[in-house]
Amino acid sequence: DDFVRPPAGMLVTCGDGSDPDENVWLLNIHVVFGKSASARNAELEAAADAIEAYLGCKVDPSNPGSCSSSGTWSANAAIMGGDWNRSKSRIEKFLCDNISSTYYCEVFLDDKTSINRTTGNWSSPYDHFVSVYKSVDPMPTGASRIPESEYGAASRQDYVDDISDHIGVSN
């Protein structure tokens, strides 16, 4: 298989779902972590194929859990967010550069969002949103790190100890 943890997604429809320009695939990914950069890069390349597979999916409203050739719901855009375990430039190289020329691809957020569990210091810029779309006009999106005042913890170290070693990002 191409992934340790395969991406998952859901189609969000607007109105009756019939206009693919008004619908969007929301996808999640958690790229493998470890010392093997080649394994992480391979998952990024596979993510390009996964995104295009979702964009090619036609969903039958009477059976929304599967793709079919008779489906009437589809989308011309996808947003994949998650823990990429790679920098923005690596995602651009290994994912965006492998997306079909039919689509535009943008990576949002290049701030450090991972926190070192021992020191509580920022460690890596690994949490991103990738936007892939057919339209000439870019999708209105962006992302930023959630301010420390909104963590719900007394300190960054408390956040790491009690909640996660990745801070939330918002768009």
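Asp-97 counts as exposed, at 60% relative accessibility; a residue is called exposed over 50% relative accessible area, buried under 20%, and partly exposed in between, with a 1.4 Å probe and protein chains only. Asp-97 is found in the loop between α2 (88–94) and β6 (104–108). Helices (H or I, at least four residues) and strands (E, at least two) are DSSP runs, numbered from the N terminus. The C-alpha atoms of Asp-97 and Glu-45 are separated by 8.8 Å, while the two residues are 52 apart along the chain.

This is a predicted model, in which local features need pLDDT of at least 70 and side-chain atom pairs count only at pLDDT 80 or more, while totals for chains, interfaces and linings use all residues. Residues are numbered from 1 along each chain as its sequence is written, and side-chain values use heavy atoms, with hydrogens and water left out.

Lys-93 is found in helix α2. Lys-93 is partly exposed, with a relative accessible area of 45%. The C-alpha atoms of Lys-93 and Leu-44 are separated by 9.0 Å, and these residues are 49 apart along the chain.

Asn-85 lies in the loop between β5 and α2. With a relative accessible area of 4%, Asn-85 is buried. Phi of Asn-85 is near 50 degrees, a positive value in a residue other than glycine.

## The open sheet

An open sheet is formed by 5 strands in the order β1-β2-β5-β9-β6, and the pairing is mixed. Two strands pair if DSSP finds at least two bridges between them. The strands β1 (8–12) and β6 stand at the edges, each with a single partner strand, so one side of each is left without a neighbour in the sheet. On average, neighbouring strands of this sheet are turned by 15 degrees against each other, direction ignored. For such angles, axes are lines fitted to C-alpha atoms, for helices over the stretch in contact, and angles run from 0 to 180 degrees between N-to-C directions.

Strands of a sheet pair through backbone hydrogen bonds, either parallel or antiparallel. Strand β5 (residues 77–83) runs antiparallel to β9, and 7 bridges join them. The bridge partner of Ala-77 in β9 is Tyr-133, and that of Met-80 is Val-130. Strands β6 and β9 also run antiparallel, joined by 5 bridges. Here Phe-108 has Phe-129 as its bridge partner in β9.

## Strand β9

How many residues of β9 are buried? The count is 7 of the 7, so β9 is largely enclosed by the rest of the structure. Asp-127, Phe-129, Ser-131 and Tyr-133 point one way from β9, whereas His-128, Val-130 and Val-132 point the other way.

## An aromatic pair

The structure holds 2 aromatic pairs. One of them is formed by Tyr-104 and Tyr-133, which are stacked at 5.5 Å centre to centre with 20 degrees between the planes. Tyr-104 is in strand β6 and Tyr-133 is in strand β9 (residues 127–133), so the pair links distant parts of the chain, 29 residues apart. Rings of Phe, Tyr and Trp (its six-membered ring) pair if their centres lie within 6.5 Å; planes under 30 degrees apart count as stacked, over 60 as edge-to-face and the rest as tilted.

Tyr-104 is partly exposed, with a relative accessible area of 37%. Tyr-133, in contrast, is buried, with a relative accessible area of 4%.

## A nonpolar patch

Met-10, Val-12 and Leu-26 make a nonpolar surface patch of about 230 Å². Patches are made of residues with over 30% relative accessible area and no salt bridge, with like charges joined within 9 Å and nonpolar side chains (Val, Leu, Ile, Met, Phe, Trp, Tyr) within 5 Å. A salt bridge is a side-chain nitrogen of Lys or Arg within 4 Å of a carboxyl oxygen of Asp or Glu. Accessible areas come from the Shrake-Rupley method with a 1.4 Å probe, and for residues only the protein chains shown count as cover.

Leu-26 has its place in strand β2 (residues 24–30). With a relative accessible area of 35%, Leu-26 is partly exposed.

## The β3–β4 hairpin

Strand β3 (residues 59–60) and strand β4 (residues 63–67) run antiparallel, joined by 2 bridges. A hairpin joins β3 to β4 through 2 residues. The bridge partner of Val-59 in β4 is Cys-67.
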